[in-house]
Amino acid sequence: MSSPAAGPGSEPAGDLSTVAPQLRSLRRRASLTLESAARAAGLSPAHLSRLETGQRQPSLPVLLALARVYGTTVSELLGETVADRDAVVRAADMEPTVAGGWSYRQAGAPGRGMQALRVQVPHGSQGDIVRVHPGEEWLYVLQGRLRLHLGDTVHRLAPGDSAHFDSLTPHRIAAEDPDGVDLLFVHTLLQSPTAALCLGPATHVTGETP
């Protein structure tokens, strides 16, 4: 479960001397006026102007909204750069990370606008967790069978099947087979990894078979 979103007066998300001019630069790169960018992000022009001049501290929700409007990532808004990114990720370098029972292996370079992962989902793990967050997701089943809930619809995917969806649609994933399921998974990074909204255990979906 994510923590409550920070308000406009929360601690700064980065060094304001770096963030403020970066916000202005990225807005101009997107060819947006202060008024049009503020309107698209749900802010007042005066508030966005104060962010761009370093008079206000940007909260995470504000950074997420501006990243979406400017077609970039929160990392770039904060002026973060990744040096010498390699286009190739070797299998030997894909160290697994386990979280919530799922096993993740990085399958793409860091600091990009998308994150590519190889994911192993054990049977019975996190199948009742509904997720909602900005961006898009694409997944491809390598091995095993997958049950994918998108809104009120249940899809069953076999090896070779794929899905591409707006991740603001409530979704949850579960392995159908006792041996679990292996996936290739790509999602956009318009949000911090901690900004995903987990809505908790799902309610019963009409027509679903156990």
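A charge is said to sit over a ring if NZ of Lys or CZ of Arg is within 6 Å of the ring centre and within 35 degrees of the ring normal. The views below all come from a predicted model.

**View 1. Arg131 over the ring of Trp102.** In this close-up Arg131 lies over the face of Trp102, at 5.1 Å from the ring centre. Trp102 counts as buried because its relative accessible area is 7%, and buried means under 20%. Another residue to look for here is Ser125, which is found in the loop between strand S3 (114-121) and strand S4 (129-132). Ser125 is likewise buried, since its relative accessible area is 11%, and, not counting residues up to four places away in sequence, Ser125 touches Gly100, Gly101, Trp102 and Ile173.

**View 2. The aromatic pairs.** A pair of aromatic rings is described by the distance of the centres and the angle of the planes. How many aromatic pairs does a search of the whole structure find? The search finds 2. Trp102 and Tyr104 form a pair that is tilted, with 6.2 Å from centre to centre and 40 degrees between the planes. Tyr104 counts as partly exposed because its relative accessibility is 22%. Trp138 and Tyr140 form a pair that is stacked, with 6.2 Å from centre to centre and 20 degrees between the planes. Trp138 is partly exposed at 30% relative accessibility, and Tyr140 is partly exposed at 29%.

View 3. Strands of a sheet pair through backbone hydrogen bonds, either parallel or antiparallel. The open sheet shown here has 6 strands in the order S1-S2-S3-S10-S5-S8, and the pairing is antiparallel. Which strands lie at the edges of this sheet? They are strand S1 (97-99) and strand S8 (162-166), each of which pairs on one side only. Neighbouring strands of this sheet are turned by 25 degrees against each other on average, when direction is ignored.

**View 4. Strand S6 and its two partners.** Is strand S6 (residues 146-150) mostly covered or uncovered? S6 is mostly covered, as 5 of its 5 residues are buried. In a regular strand the side chains alternate between the two faces of the sheet. In S6, Leu146, Leu148 and Leu150 point one way, Arg147 and His149 point the other way, and all are buried. S6 pairs with strand S7 (residues 153-157) in the antiparallel sense over 5 bridges. S6 and S7 form a hairpin with 2 residues between them, and in the turn Gly151 has a positive phi of about 60 degrees. S6 is also joined by 5 bridges to strand S9 (residues 171-175), and these two strands run antiparallel. Arg147 can be followed to both partners, for its bridge partner in S7 is Arg156, while in S9 Arg147 stands opposite Ala174.

View 5. An α-helix has 3.6 residues a turn, so residues three or four places apart point the same way. In helix H4 (residues 60-70), the buried residues are Val62, Leu63, Leu64, Ala65, Leu66, Ala67 and Tyr70. Just after H4, Gly71 takes a positive phi of about 65 degrees. The largest nonpolar core has 20 residues, and those with the most contacts inside it are Leu23, Leu43, Leu48, Leu51, Leu66, Tyr70 and Leu77. Two or more residues of this core come from each of helix H1 (16-29), helix H2 (34-41), helix H3 (45-52), H4 and helix H5 (74-77). H4 gives the most to this core, with 7 residues. Leaving aside neighbours within four places in sequence, Leu77 is in contact with Val19, Gln22, Leu23, Leu26, Leu63, Leu66, Ala67, Tyr70 and Thr72. Apart from this core lies another, of 17 residues, among them Val119, Leu150, Leu157 and Leu183.

**View 6. The protein as a setting for the close-ups.** The protein has 5 helices and 11 strands. Of its 210 residues, 36% count as buried. Among contacts between residues at least 6 apart in sequence, 68% join residues at least 24 apart.

Note on methods. Residues numbered from 1 in each chain as written. Predicted model: local features only at pLDDT ≥ 70, side-chain atom pairs only at ≥ 80, totals over all residues. Heavy atoms only, no water. Buried < 20%, exposed > 50% of the residue type's maximum accessible area, 1.4 Å probe, protein only. Helix = DSSP H or I, 4+ residues; strand = E, 2+ residues; numbered from the N terminus. Pairing = 2+ DSSP bridges. Axes fitted to C-alpha atoms, helices over the stretch in contact; angles between N-to-C directions. Phe/Tyr/Trp six-rings, centres within 6.5 Å; stacked < 30°, edge-to-face > 60°. Core = buried A, V, L, I, M, F, W, Y, C linked by side-chain atoms within 4.5 Å. Contact = heavy atoms within 4.5 Å.
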